[in-house]
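Here is a friendly briefing to read alongside the structure. It goes through the aromatic pairs, then the nonpolar cores, then a sheet and its helices.

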Amino acid sequence: MKIGIISFAHIHAESYGRALKRIEDVEFVGVMDEDEERGRKYSLFFGTRHFSNINDFLMQDLDAVIVTSENVQHKEHVIAAALAGKHVLCEKPIAVNKIDAQEMIDICREKNVLLQTAFPVRFNTSIIRTRELIKNGHLGEIIAVKGTNRGQCPGSWFVDINKSGGGAVLDHTVHVTDILRWFLGSEVRTVYAEIGSMFTNQLIDDSGILSFEFENGVFASLDCSWSRNATYPIWGDITLEIIGTKGRLSVDAFNQKLNVFTNKMGYNHSYWGDDMDEELIKDFINSIRTGKDQASITGEDGLRALEIALAAYESSENKAVVSLV
Amino acid sequence: MKKLLEEGKVMFHVLIIGAGTMGKIHIQAFRQMKDVKVVGVVDPNQLDSNKELDYQVFSTFQQALETGDRIDVVDICVPTPLHLEYVKKAADAKLNIICEKPLARSLEEGQEIINYCNRKSVKLYVAHVLRFFPEFVKVKEIIEKETIGKVGVVRTTRAGSFPIGWNDWYSDYQSSGGLILDMVIHDIDFLRWCFGDIERVYAKGTLGKGFDNLEYALITLRFINGVIAHLEGSWAHDSFSMSFEFSGTVGIIDYNSANDKPLELHSHSNKEGSGGVAVPESPLNTTPYYRELRHFLDCMKYGAEPIVTAEDALEAVKIALSAIESIRTSKPIFFN
C-alpha cells in the first residue's frame, strides 16, 4: 500500500507520518507541500520524496493520500486526489462550508474512492470503552452529556480566518459532536452557543460554550475553547460527563499519564495510553485493503460535525437557538 | 450541655426558625460565638425531642414571642416557600433577619420580602454562604489581582445526590424550584460577585422530562464584561462535590473538592465485604457557616453593609428562575 501526505500545515501530519512508518506493508511514498522549506524538512525527516506540485505528486504510483493542509485547502486537495483516483483521509474539519464539503463527498463517490474524515478520537481506547459501556446498558438511558475539548491556542494559520475558516469553535467542536453522534446514534436538533475572543489577541473566536439537543432528547454542552495556557501540563483535553438513568460515567480520554515535574519544564503530563492516530490510519488502510465501499467515518460524518460548528457561529451571531433539522 | 454564658456579654439573642439540616448547622455555628445565645428554635416537628437542649423549642413563632424573652435576630432556615411568612412575622416584631438562600420561590415574593423589611426598618441578610467559603474567597482574590490575566471562560460544578428534606419538599418543584433555584444559585451568586451582572442565560436540563429523584442541568451565563460561564448542577451524583475552573489570558485556576481534600477516612470492610465508605473532610477552625453568620452579626453591630445584600440575593433568584425559564422555552433569556 502506497500512501502520501498532502501538506504538513496541520500539526497532526507529523503524527500520521509516524504512524505510516510504523504500520506494516505501508510505504510512505511522498510529501506534497507547496511550502518548499516545510516539505523538504518533513520528507527528509520521514525519508521520503518531496513534491511541490500536486499534479506531479498524484501522478506517481499511489493508493491513497492523507490531506492535512490548511482547512480552506481541503476542498482543492481532496478533489484533486479523488479525480486522480486516490482514496482520501481528510483532516477535520472536512471543509469550511457545507457546499464545499458536499462537493467533496459527491466527487469522491463519483470517482469511487473512499473519503474518510479524520476523527481519531473514535479510536481512543477509553472512548471505545465508553461506547461499549453505553451499548451494554451500564448507564441506562442517556440523559445528558457535559463535554470539553479544550486546547492551547495552536497559533500560526489556525488563527488566520482566511486559512482556517474559523477558530476554536470550528477546530474543537467537531471531535466531540462526532463522538456524541456515534454514541447516541442520533443527530443534533438544536444548537446554542456563547462564543468569545479572549485568549488570542487575534480577530478570531477562541472560546465557546455550546449547548445541543439531540433528536432523541439528550442534551449536551461542549467547551471548545483554546483556553489552556502555555504552561498547562497538557496541550488540551477531551472529557465527557455522561448522565444516564442507571449511572454516570466520567471520561477523561487522555488521563493515562504520568505527572512529570522538572526544574526546566515545570509540571507536565507524559501520556502512556494507546496511540489513537495510528489506529485511525490503520482503520483507513484496512478499509482500502478490504475493498469497503465506504470509510468507517465518512465524509457525511465530517459534514454533520461541520454543520454543528457552523450552526454555533450562527447562534452566537444571532443570539438565538439554531435548528438543524 | 449547657453553655456557660456571662449574660452581660451576650449581644445577640437568636431565634432559629426551622430545625432542619441548615438550622442545626447554624445552631452549631452560633454556639461557638461568645456573644450569641440561641434562645430557641421554632419547629412544629421538633417537639418530641428527648435530647437535652440548651435552647427552648417552640411550635410557633408566636409562642416564642409570648415568652417575653429577649430576641435580637431571627434566623430563618425553613423551606423556601415559607420564607415570606416568617420574614413578615419577624419584621412585624421589629427583629433583624437572617434568611436562608434562595431568598424566595419567585421574584415577586423576593421583592415583597425586601420591601417588607425596608418598610419595617429591619435588617435582612441572605445566607449565600459560598461567599464565605475560603476556597471561593481565595479564587476571587487571585482573579482580582489579575494573576491569570483577564478571565475568558469559567466552569463550575455543584453535584450531589438527590436531597431528602422535610416532607420531601425538594422533589416538589413548585416548593423548592428544584436543583437550579436551590443549589446552582450558589454558583450563580458567586459568579455575579466576581463578574457583575449578566447579559443573558441559556440552559438545558431534565426539568419536566419526568426523571424521578434525579435532576441535572447545564447552564451558560454570558456576563456583561464578556466572561462566558458554564455551570453544571447535578442531583444525579452519589456524593457531594463542587468544583470550579477559571481560565484567563495568562493562566488557569482550578479546584475540585473531590480531589483537593486534606482528609479522607476509610473504614475497613466488614465481614460481609461491604462497607468501606470513604468520608472526606476539610477541617477549618471556623466553618464557612460560622464566618457567614459572624459577618452578618458584625454588620448588625457596626451598621456595615454586608458582603452579600438582599438585592444580590434577589438578582441570583432572578438568574436562577431565568435559567429554568430557558429550559422551559428552549430560548436564551436576556437581561437588560
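## Aromatic pairs, cores and a sheet

Over all chains, the structure holds 24 aromatic pairs. Please keep in mind that this is a predicted model.

**Aromatic pairs**

- F8(A) and Y42(A) make a stacked pair, with 4.2 Å centre to centre and 15 degrees between the planes.
- F8(A) sits in the loop between β1 (2-6) and α1 (12-22) of chain A, while Y42(A) belongs to helix α2 (residues 36-45) of chain A, so this pair ties together parts that are 34 residues apart in sequence.
- F8(A) and Y42(A) are both buried.
- In chain B, the ring centres of F162(B) and W235(B) are 5.1 Å apart and the planes stand at 70 degrees, so this pair is edge-to-face.
- F162(B) is in the loop between β7 (151-159) and α6 (173-176) of chain B, and W235(B) is in the loop between β10 (228-234) and β11 (241-248) of chain B, so the pair ties together parts that are 73 residues apart in sequence.
- F162(B) and W235(B) are buried as well.
- One aromatic cluster includes F190(B), W193(B), F195(B), F246(B) and Y289(B).

**Nonpolar cores**

- The largest nonpolar core has 82 residues, and the members that touch the most others are I97(B), L103(B), L124(B), F195(B) and F246(B).
- Helix α7 (residues 178-195) of chain B gives the most to this core, namely eleven residues.
- Domain 1 (2-128 + 291-305) and domain 2 (131-289 + 316-334) of chain B both give residues to the core, so the core lies between them.
- Leaving aside residues up to four places away in sequence, the residues that F246(B) touches include V139(B), I148(B), F190(B), F195(B) and I253(B).
- A second, separate core of 66 residues has V31(A), F119(A), I308(A) and A312(A) among its members.

**A sheet in chain B and its helices**

- Six strands of chain B form an open sheet in the order β3-β2-β1-β4-β5-β6, with parallel pairing.
- At the edges are β3 (56-58) and β6 (124-127) of chain B, each with a single partner strand, so one side of each has no neighbour in the sheet.
- From one strand to the next, the twist averages 25 degrees.
- Strand β2 (residues 36-42) of chain B pairs with β3(B) in the parallel sense over three bridges, and V42(B) stands opposite F58(B) in β3(B).
- Helix α1 (residues 21-31) of chain B lies across β1 (12-17), β2, β4 (73-76) and β5 (96-100) of chain B, at about 165 degrees to β1(B).
- Helix α3 (residues 83-92) of chain B lies across β1, β4 and β5 of chain B, at about 170 degrees to β5(B).

How values were computed: Residues numbered from 1 in each chain as written. Chains lettered and ligands numbered in written order. Predicted model: local features only at pLDDT ≥ 70, side-chain atom pairs only at ≥ 80, totals over all residues. Heavy atoms only, no water. Core = buried A, V, L, I, M, F, W, Y, C linked by side-chain atoms within 4.5 Å. Buried < 20%, exposed > 50% of the residue type's maximum accessible area, 1.4 Å probe, protein only. Helix = DSSP H or I, 4+ residues; strand = E, 2+ residues; numbered from the N terminus. Domains from an automatic or database assignment. Contact = heavy atoms within 4.5 Å. Pairing = 2+ DSSP bridges. Axes fitted to C-alpha atoms, helices over the stretch in contact; angles between N-to-C directions. Phe/Tyr/Trp six-rings, centres within 6.5 Å; stacked < 30°, edge-to-face > 60°.
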